[in-house]
Amino acid sequence: MVLGAPRSSKPLALPEKQGGGSIPLAPSSKDSGQTIMNHFAYTIGIAGHVDHGKTALTKALTGVDTNRMPREKETNRSIVAGVAPLYLPSGTPAALVDIPGHADYIKNAIRGLAGIDMAVLVVAADEGVMPQTREHLDILSFFNIRKVLVILSKTDLVEPELAELAELEIEDMVKYTGFARHPVMPFSAIDNAGINAIRTQIDRDLQQLCVKDDKAPFRYWIDQTRSIKGVGTVVSGTVQSGAITRNDPVEILPAGIMARARFLETHGREIETGLTGQRVGINLPKISLSQIQRGMALAAPDTMTACRFINAELRMAELRMTADGRKSLGNRTRVRLFIGTASVSAMAVMIEGKQLTPGQAGLVQFRLIDPLACLPGDRFVVSPLNENRLIGGGRVLELPAEKYRPAKAGRIIPCLAAMRENDLPQYLDAVLEQYPFQPVEASELAARTIFSHPSITAEIDQRLSGGDLVWVAGAGALKKDHYDCLVEAVMAACKNLTAGTGMKSRFQLKEIADNVRIHVDAAILETILQRLCQKGRLTASNGQYEIPGEKLHLSPEQQKAVSVLRHFADQNDLASFSAGFFCKVNRGIYKKPIVEKLLGYLAERGELIALPGGRYLSANAMATIKERLQTHIYTYGRFVITDCHKIFGYGRTHAIPILEYLDEMGFTRRQDNTRTLATMDKTRVSAAMDMETP
């Protein structure tokens with residue numbers, strides 16, 4: 001079955017271009033597309049100035065006229081990018097993207113060239129290099145397209161000398177670009193002279209491209225959407241990475257909508273799997289056109305997130321004067337940012353310097369008006385907000401969570417500079433210094449930077465083996481000297497709790513964390529405490545830590561205050577009290593923070609009982625309460641809150657902290673408003689109740 005094909009009608013071609021139209025299959029192709037599943041697919045952009053013969057070359061190579069819109073037919077000029085399948089001698093699957101060459105449609109040209117694998121640059125022999133020739137060459141450079149085949153078209157219209165002059169002009173244009181250069185290939189649309197040689201050269205160039213990473217998660221830029229009766233919403237685009245199979249789940253970004261790829265199709269042919277580099281139409285059931293639009297991305301679930309800030313390297317285009325004479329990009333200028341097929345308004349905030357001049361490169365943060373789903377390493381192009389010309393282009397370096405501030409330059413610029421140079425060791429050094437006490441982990445770094453997860457893992461493992469890093473389970477890696485600094489900070493906190501102002505010989509993890517002067521991740525703190533115990537610098541028991549051999553030494557003033565507190569607790573009989581109440585009774589003689597620590601000291605020694613809510617009770621009083629409560633329950637079988645006065649001599653307000661403490665300690669068990677002993681002698685209860693019966 002062909003996706004969406006009505007009965008007794010020709011197969012439906014998923015959208016390749018605004019204006020529709022089916023793309024015919026090669027006459028010899030009778031399979032469902034699965035014979036090419038062990039290969040990569042490629043997309044080739046046809047670029048060049050308006051009326052230089054791009055569409056004619058595309059038709060000669062593919063047999064398809066990509067000008068399908070009525071207006072395109074009338075003017076014989078491309079307005080949007082058109083796509084046609086290209087069948088090569090080697091059998092390599094490929095598609096040609098014929099982009100518009102007029103300056104008014106530069107935005108459509110940018111979108112059409114986004115994500116291609118190689119380019120064919122068409123230059124007419126009768127006009128030579130023109131403004132859009134250079135502009136399209138800039139776009140290819142910004143998108144890092146390294147394979148560019150230059151075609152000299154309309155050779156039948158000029159004398160050989162003029163054709164040779166145009167060829168020299170082309171060679172002069174490309175010699176400093178770094179593009180892989182071939183001899184300029186002639187072509188005439190009149191008799192298709194040179195077409196076979198061009199097709200063969202394209203095939204050879206594709207074989208020389210770097211092998212694609214088909215193991216990466218699926219990602220796909222949407223360049224067109226439409227609704228088909230009986231089918232639903234269909235999107236078209238090029239698979240940027242990974243692969244997609246029928247019924248795979250996908251996430252629509254930046255909207256964050258989950259969907260399913262019900263049917264897949266390429267050039268009018270239904271397929272089971274879409275490959276990296278392949279033009280694929282995808283049917284998304286239960287998704288309305290209002291939920292999706294050009295510029296959105298499809299991705300494997302949970303592999304991408306939408307961002308509002310992009311830290312990037314921006315390279316300005318060479319000088320192209322405009323009517324108002326602007327030559328540079330100033331700080332906080334509003335621009336139009338193109339990534340993939342997305343176009344979004346953004347503010348360009350300079351990270352280095354105050355402006356960028358033509359031909360200059362620098363670090364920039366783009367603050368997006370609307371969220372965008374992209375990844376570090378993605379290429380982009382920038383234009384003025386309301387002008388059809390290029391400013392420059394570059395590469396996404398990282399996706400930060402916050403705005404860049406000049407005060408952060410010392411921490412941020414070294415990391416970005418290392419990424420700009422593709423220097424992973426330098427980047428890791430910068431990150432470890434930028435946040436010295438925060439662990440680094442390969443997956444987290446890979447998600448926000450240009451470096452791959454395997455390469456980061458290898459670098460971290462090498463440093464762990466060399467002893468430069470320390471691994472903390474559940475957290476990540478820290479520099480050895482930073483880790484040692486944290487260890488000493490933890491020990492200092494423990495000593496402060498003991499011999500300093502803490503007045504405690506045993507302390508819990510939270511108390512240590514609150515007293516460490518450096519913020520320490522919980523996983524790191526637990527690891528440090530565990531290793532300190534292994535080395536004998538600390539001991540642990542019942543969730544508390546202490547320093548072996550460390551004794552508390554109270555000053556004479558503290559010893560006097562402790563004596564007063566002991567006497568006060570005994571005088572209070574069965575009633576609990578707080579540090580504030582003690583200070584109030586003693587008319588401000590003692591400061592509350594000191595009293596709180598002294599109460600903790602007495603509680604640790606077992607002389608006082610620490611109750612919920614910061615209240616305390618003498619140990620003797622607690623023993624008396626437990627004895628009375630036990631007798632009462634054995635006598636009456638239970639305790640209810642109205643029995644408070646009978647046992648404690650006071651009401652529920654003061655009794656509840658004591659009762660909650662006894663529940664927590666496992667002495668009593670509460671059920672609704674009734675309490676019983678956690679462990680009871682039922683025979684004794686029965687006998688006591690019999691004695692109470694008249």
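Helices (H or I, at least four residues) and strands (E, at least two) are DSSP runs, numbered from the N terminus. The model is predicted: local features need pLDDT of at least 70, side-chain atom pairs count only at pLDDT 80 or more, and totals for chains, interfaces and linings use all residues. Residues are numbered from 1 along each chain as its sequence is written, and side-chain values use heavy atoms, with hydrogens and water left out.

**View 1**
Arg 615 is found in strand 32 (residues 615-618). This strand pairs with strand 31 (residues 608-611) in the antiparallel sense, over four bridges; two strands pair if DSSP finds at least two bridges between them. Arg 615 is the bridge partner of Leu 611. Three residues separate the two strands of this hairpin, and Gly 613 in the turn has a positive phi of about 85 degrees. Beyond its neighbours within four places in sequence, Arg 615 is in contact with Ser 576, Phe 577, Ser 578, Ile 609, Ala 610, His 654 and Pro 657 (contact means heavy atoms within 4.5 Å). Ala 579 lies 36 residues away along the chain, with 7.5 Å between its C-alpha atom and that of Arg 615.

**View 1. Helix 17 against helix 19.**
Two packed helices are described by the angle between their axes and the distance between the axes. Here the axes of helix 17 (residues 619-636) and helix 19 (residues 652-664) come within 12 Å and cross at roughly 80 degrees. Helix 17 is therefore roughly perpendicular to helix 19 (angles under 35 degrees count as roughly parallel, over 145 as roughly antiparallel, 65 to 115 as roughly perpendicular and the rest as oblique). Axes are lines fitted to C-alpha atoms, for helices over the stretch in contact, and angles run from 0 to 180 degrees between N-to-C directions. Met 622, Ile 625, Lys 626 and Leu 629 of helix 17 meet Ile 658, Leu 659, Tyr 661 and Leu 662 of helix 19. By class, the contact has seven nonpolar residues, no polar and one charged (Ala, Val, Leu, Ile, Met, Phe, Trp, Tyr, Cys and Pro count as nonpolar, Asp, Glu, Lys and Arg as charged, and the others, Gly among them, as polar).

**View 2. Strands 33, 34 and 35.**
Strand 35 (residues 674-677) pairs with strand 33 (residues 639-640) in the antiparallel sense over two bridges. Phe 639 has Arg 675 as its bridge partner. Strand 34 (residues 668-671) also pairs with strand 35 in the antiparallel sense, over four bridges. Arg 669 stands opposite Thr 676. Strands 34 and 35 form a hairpin with two residues between them, and Asp 672 in the turn has a positive phi of about 60 degrees.

Six strands form an open sheet of mixed pairing, in the order 2-3-1-4-5-6. Strand 2 (82-87) and strand 6 (185-186) are the edges, each pairing on one side only. Strand 4 (residues 118-124) and strand 5 (residues 148-153) pair in the parallel sense over six bridges. Val 120 has Leu 149 as its bridge partner. Helix 5 (residues 160-174) lies across strands 4 and 5, at about 155 degrees to strand 5.
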